[in-house]
Amino acid sequence: MGTVRELVRASARVLCVAIPAGFLAIFFLYPVGSILVRGIGVGGLERLVGLPGRGSFRGVVWFTLWQAVVSTALAVLVAWPGAHLLARRRFRGRAVLRAAATVPFVLPTVVVGGAFLALFERFGLSDGSLRLTRTVGAILAAHVFFNVAIVLRTVGTFWEGLDTRPEEQARVLGATPWQAFRWVTLPRLWPAVAAAASIVFLFCFTSFGVILILGGPTRATLETEIWRHAVFRGDLASATALAVVQLVAVLAMVVVANAMQRRRAVGQVPVRRVLPRASSRLLVGNLGLMAVVLGMPIAVLVERSLTTGRGPDAAWSVRNYAALADRVDLLPISALAALRNSLLFAVVAAGLAVLVGGLASLVVVHGRRTTSRLFDLGLMMPLGASAVTVGFGMLIALDGPPLDLRSSRWLVPVAHALIGVPFVMRTVVPTLRSIDHRLREAAAVLGASPARVRRDVDLPIAARALAVGGAFSFAVSLGEFGATSFLPRHPDRLTAPLVLFRLLGSPGEALRGQAMALSVVLMVLTAASVLVIEGWGRRGSVRGDL
Amino acid sequence: MDIQPPFRLFVVAVALTAAACGGAYEPTSVPLSSGGSGTVEAPSPTGPVTLITHDSFWISEGTLEEFTADTGIEVVLQMAGDTGQMVSTAILTAGDPLGDVMFGVDNTFLQRALDADLFEAYESPALVGVPEPLRLDPSHRVTPIDFGDVCVNYWIDRFDDENPVPSTLADLADPAYADQLVVQNPETSSPGLAFLLATIAEYGDGWEDYWAALRRNGVVVTSGWEDAYHGEFVSGGGDRPIVVSYASSPPAEVIYADPPVDTPPTGVATNTCFRQVEFAGILAGTEHRVAAELLVDFLLSPAFQEDIPLSMFVFPALASAALPQAFVDFVQLPDDPHLLDPAEIEANRNAWTERWTEIVLR
């Protein structure tokens with residue numbers, strides 16, 4: 001009997017490692033390796049050697065780097081008050097606000113770009129001395145818009161689970177609120193901040209649509225240059241050289257970010273506390289900031305989706321929404337059918353991401369040192385790899401027995417899950433790491449078996465983080481365009497972002513209106529899904545109260 | 001056709017185990033059989049034929065079914081991104097193609113595809129109905145299916161007798177049209193490249209001076225068609241009344257107007273056009289050569305050709321194909337559009353676009 005149990009436990013341990021490792025190896029390392037090998041075969045190395053000598057290349061690298069650093073810093077700063085509010089104050093509509101903040105995430109950049117341009121115009125920022133149109137300022141603003149949610153939620157969720165007693169003790173011992181925050185709260189929050197910032201950084205580092213649409217034609221990043229060389233110029237050698245630079249840079253940054261996150265943090269408790277009510281001033285201030293940063297571009301989209309006709313003929317109408325059910329002649333399927341496809345893909349992608357990311361998190365926190373570091377590093381990489389590299393890589397690598405997945409519909413959610421896994425890990429790992437050892441010990445002393453400790457202590461705490469990560473993966477999948485556009489697909493299986501892009505690819509007021517309505521529906525769907533998914537996570541965590 | 005998800009999971013799980021054992025980097029030298037886990041098709045010479053297209057491809061429901069009814073051959077569609085993505089994808093998978101026939105490579109990408117030996121030659125008997133100027137490949141590796149023109153469009157309401165609409169490329173450099181034009185970057189946009197080619201075809205070596213003049217005249221450059229037309233152009237709420245778009249944009253403005261309109265709000269400067277011809281070709285390595293030939297013939301049949309305009313907003317290559325009324329009423333086709341030899345385009349495009357970047361953006 002004993003040996004059987006040991007065998008089960010051993011194989012469980014092997015699966016914990018094998019599933020994430022296999023997932024990464026088959027769907028990322030192998031494809032990316034294949035495309036790099038192909039590119040090097042046609043002269044990629046020679047190009048790589050020649051790159052540093054070119055002024056334009058140095059300019060691209062410098063711009064890629066600094067816009068990502070500044071975007072990340074701004075996103076953290078803007079999200080900070082909101083994260084505090086969500087973590088430490090009670091107010092009506094808290095869950096809704098939390099869900100609503102995820103919304104920007106699914107919006108296609110071409111739509112958001114349009115909304116920003118309209119905003120700039122309305123506030124007189126489209127020309128003159130305060131011009132934002134086609135400037136770095138526009139890029140930074142859009143990056144903050146897209147990424148605030150990551151900081152808000154990753155840090156907010158972690159902060160919420162943080163034990164408040166150390167701060168209270170510090171205050172009792174005479175610390176000012178600032179001192180308590182600076183010396184007691186901040187050091188413990190650090191892993192979550194580093195986790196969120198590293199994701200935001202990678203997103204901005206590999207940003208594509210925002211750079212092209214809002215930055216104007218004079219700005220280029222490594223990502224846009226890889227795309228231009230590989231797709232528009234058909235110059236695989238140069239694209240490969242740039243992709244190598246991008247991957248090495250991302251690798252270096254993830255190593256640094258992971259080291260920062262390993263700083264030990266303590267004090268996550270599974271118990272729900274009664275939070276103080278938020279004062280109305282605090283609420284107004286915070287929500288005001290959110291309204292400006294997140295609300296205004298969204299408001300423009302909603303307004304456009306509800307308008308038909310131009311200029312003086314413009315009128316309010318819900319026709320754009322009604323039209324979503326009808327297929328237009330230019331497209332294989334209706335917007336509604338595309339939404340159904342997207343939802344199905346998102347469910348599969350989020351499920352995969354939670355499975356792979358959850359297991360990988362366990363390995364990172366409890367596994368052997370080398371395995372832990374490798375997992376922590378490797379599973380972050382897809383976030384920093386170009387959509388071109390991954391998309392083309394999958395096409396040339398997954399092309400023959402045993403796996404010919406090139407034309408399989410399941411390749412899309414797999415590609416989405418690759419991007420979702422880092423989100424799951426960045427929320428779950430800091431949380432697992434910070435589970436108070438005393439809680440576990442107390443449970444063990446009271447007679448709980450290790451499995452019971454996992455179930456009753458670890459799981460409730462992790463469930464909350466797992467749900468946040470899963471919700472993110474879901475949202476990422478709903479909005480993903482880049483990698484998806486490289487994978488061949490049957491016309492019946494177009495996703496909502498692909499259909500949206502096609503609607504905007506033709507002149508015509510009705511098509512544009514439909515595209516706006518589709519983006520609004522995508523937003524609402526995202527907010528609703530996030531609300532539901534996180535609801536599950538929270539129900540899980542309530543069990544910890546007992 | 002697809003294996004059920006639970007079984008798929010099993011397949012993946014098995015593959016995971018295999019990969020964990022370190023077999024992931026073995027090169028796959030298996031010949032072109034479809035023995036993968038995904039699709040199982042009969043090795044019949046006329047089996048289902050796969051048509052690879054760009055994302056802008058579509059045809060009315062029932063049209064491809066006519067082909068199936070006539071020949072017994074089923075058509076499977078696969079969309080592979082925009083034209084650039086599709087061609088790059090095809091080059092990467094050359095020899096082990098994703099499908100049997102590729103539709104949508106245009107004359108700006110044609111030479112690249114030919115240089116990569118993507119296609120097997122096939123001279124369709126239906127080609128006799130296609131006007132000579134569209135047959136750009138004398139060795140018939142590709143077959144012309146449709147064409148369209150990239151032209152300067154303008155917003156009619158912004159012009160009147162005192163400010164006449166622009167009609168030539170030279171007008172655009174005239175101070176009377178200062179700060180009115182928006183174009184796309186030829187390094188990132190297909191119509192942007194076509195428009196640059198139009199100016200090169202018109203001015204020859206003088207194209208550099210022309211673009212310097214456009215820059216002085218306040219041209220705005222966007223990265224793509226979407227941000228130009230829906231962002232800067234009047235139609236999408238911007239304030240620029242002149243944009244690089246297509247000759248077929250005005251009928252789209254009527255057909256997809258909301259509320260309905262009788263005439264298009266936009267017009268086309270027909271002297272500014274560059275002709276884009278789209279081709280289909282049989283992908284080298286196909287296992288369904290006979291079916292592929294029949295499909296190419298069908299793409300030139302009246303049934304398919306007459307459906308093209310309203311499904312893709314381009315013109316049928318078949319001279320005898322009837323045009324829909326909206327196209328007859330609202331399209332001004334250029335008499336003498338600009339064209340350049342595909343080989344010349346491919347040989348020079350990188351040098352041209354780099355020079356263009358220096359002149360217009362630096």
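I started with B:Glu358, which counts as exposed because it has 11 C-beta neighbours inside 10 Å. The cut-offs I used, with C-beta atoms placed from the backbone: 20 or more other C-beta atoms within 10 Å is buried, 12 or fewer is exposed, and in between is partly exposed. This is a predicted model, where local features need pLDDT of at least 70 and side-chain atom pairs 80 or more, while totals for chains, interfaces and linings use all residues. Residues are numbered from 1 along each chain as its sequence is written, with chains lettered from A and ligands numbered from 1 in written order.

I placed B:Glu358 in helix α14 (residues 342-360) of chain B; helices are DSSP runs of H or I with at least four residues, strands are E runs of at least two, numbered from the N terminus. I also looked up B:Gln276, 82 residues away from B:Glu358 along the chain, and their C-alpha atoms are 26 Å apart.

Next, the interface. I find 63 residues of chain A in contact with 64 of chain B, contact being C-beta atoms, placed from the backbone, within 7 Å. On the chain A side, helix α1 (residues 2-41) gives the most, with 9 residues. I get 34 nonpolar, 17 polar and 12 charged residues on that side; Ala, Val, Leu, Ile, Met, Phe, Trp, Tyr, Cys and Pro are nonpolar, Asp, Glu, Lys and Arg charged, the others, Gly among them, polar.

Last, chain A overall. I see 23 helices and 4 strands, and 56% of its 546 residues are buried. Its C-alpha trace spans about 70 × 60 × 50 Å along the principal axes.

Conventions
Two residues are in contact if their C-beta atoms, placed from the backbone, lie within 7 Å.
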